[in-house]
Amino acid sequence: MKTVFRWFDRAVYFVMFLCIAGFVAIAFVQVVSRFVLNHSLYWSEEMCRYMFVWMVFLGSGIGLLHRRHITIDVVPNLIPKAFKKYYNAAIDLIIIAFSVLVIAYGYGFAERGMRQGSPAMQIPLGYIYYGIVVGGAVMLVNCLRAMLTDLFALPVEPEPEEKIELDMTQEEFNKLLGIEIGGDRKNAEKTAGEGK
């Protein structure tokens with residue numbers, strides 16, 4: 001099951017990456033085309049908007065898995081630690097119900113949109129609205145995963161993180177920033193006086 005979820009996460013991240021890369025590339029080409037070639041691409045703004053819709057709905061599902069959505073933590077802070085997982089499970093059940101509604105109503109919305117073309121590109125709007133359905137499904141799956149993880153203390157795949165490593169010692173870093181650690185008070189006052 002862990003392998004299935006790993007591939008599921010990779011697929012979601014890959015589609016998100018395609019949307020972000022496409023968004024940036026199209027916006028860049030539009031700027032160059034408009035200000036350098038003096039010719040505007042009539043479809044670029046619309047395409048960027050549709051990619052953004054998909055990014056938002058997929059990103060909401062990713063945020064649920066890693067508990068990255070904004071929360072008001074007044075009530076959870078008042079609950080004893082032993083009951084917090086049950087409180088979180090109750091919240092997750094509400095989110096799961098909401099996700100099912102998003103999928104159901106989003107599907108009907110997307111099906112109706114297949115009969116209507118977009119203004120500039122004339123592609124069926126249903127393809128854009130299917131982002132609601134896919135995003136709702138990702139939210140549903142990831143919320144179930146988060147709930148089971150909390151209830152049964154299952155391990156969660158860590159978020160992909162960018163790590164920055166510096167090839168310098170703490171002393172070199174402090175010197176770079178102009179921080180002097182140690183020394184006597186006269187040297188510190190002298191350094192402060194020179195700054196004035």
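**Helices and their contacts**

Mentor: Start with Cys-48, which is found in helix α2. This is a predicted model, in which local features need pLDDT of at least 70 and side-chain atom pairs count only at pLDDT 80 or more, while totals for chains, interfaces and linings use all residues. Residues are numbered from 1 along each chain as its sequence is written, and side-chain values use heavy atoms, with hydrogens and water left out.

Trainee: Is Cys-48 buried or exposed?
Mentor: Buried means under 20% relative accessible area, exposed over 50%, and partly exposed in between, with a 1.4 Å probe and protein chains only. The relative accessible area of Cys-48 is 10%, so Cys-48 is buried.

Trainee: Which residues does Cys-48 touch, not counting residues up to four places away in sequence?
Mentor: Contact means heavy atoms within 4.5 Å. Gly-22 is 26 residues from Cys-48 in sequence and 7.8 Å away in space, C-alpha to C-alpha. With residues up to four places away in sequence left out, Cys-48 touches Phe-23, Ile-26 and Ala-27.

Trainee: What does the secondary structure of the protein chain come to?
Mentor: Helices (H or I, at least four residues) and strands (E, at least two) are DSSP runs, numbered from the N terminus. Along the sequence the pattern is α-α-α-α-α-α-α. The total comes to 7 helices and 0 strands.

Trainee: How many Å does α1 reach from its first C-alpha to its last?
Mentor: Helix α1 covers residues 2–35, which is 34 residues. The expected span is 1.5 Å times one less than the number of residues. For α1 the expected value is 50 Å, and the model is close to that, at 49 Å.

Trainee: Which residues of α1 are buried, and what covers them?
Mentor: The buried positions in α1 are Asp-9, Val-12, Met-16, Cys-19, Gly-22, Ile-26, Gln-30 and Ser-33. An α-helix has 3.6 residues a turn, so residues three or four places apart point the same way. The cover over the buried residues of α1 includes α2 (44–65) and α5 (126–152).

Trainee: How are α1 and α2 oriented to each other?
Mentor: Axes are lines fitted to C-alpha atoms, for helices over the stretch in contact, with angles from 0 to 180 degrees between N-to-C directions. Angles under 35 degrees count as roughly parallel, over 145 as roughly antiparallel, 65 to 115 as roughly perpendicular and the rest as oblique. The axes of α1 and α2 come within 9 Å and cross at roughly 150°. The two helices, α1 and α2, are therefore roughly antiparallel.

Trainee: How do the residues of the contact of α1 with α2 divide?
Mentor: Ala, Val, Leu, Ile, Met, Phe, Trp, Tyr, Cys and Pro count as nonpolar, Asp, Glu, Lys and Arg as charged, and the others, Gly among them, as polar. The residues of the α1 and α2 contact divide into 18 nonpolar, 4 polar and 1 charged.

Trainee: How are α1 and α5 oriented to each other?
Mentor: The axes of α1 and α5 come within 12 Å and cross at roughly 140°. That angle makes α1 and α5 oblique.

Trainee: Which residues of α5 make the contact with α1?
Mentor: From α1, the contact takes in Phe-5, Phe-8, Asp-9 and Val-12. On the α5 side are Val-138, Val-141, Asn-142 and Arg-145.
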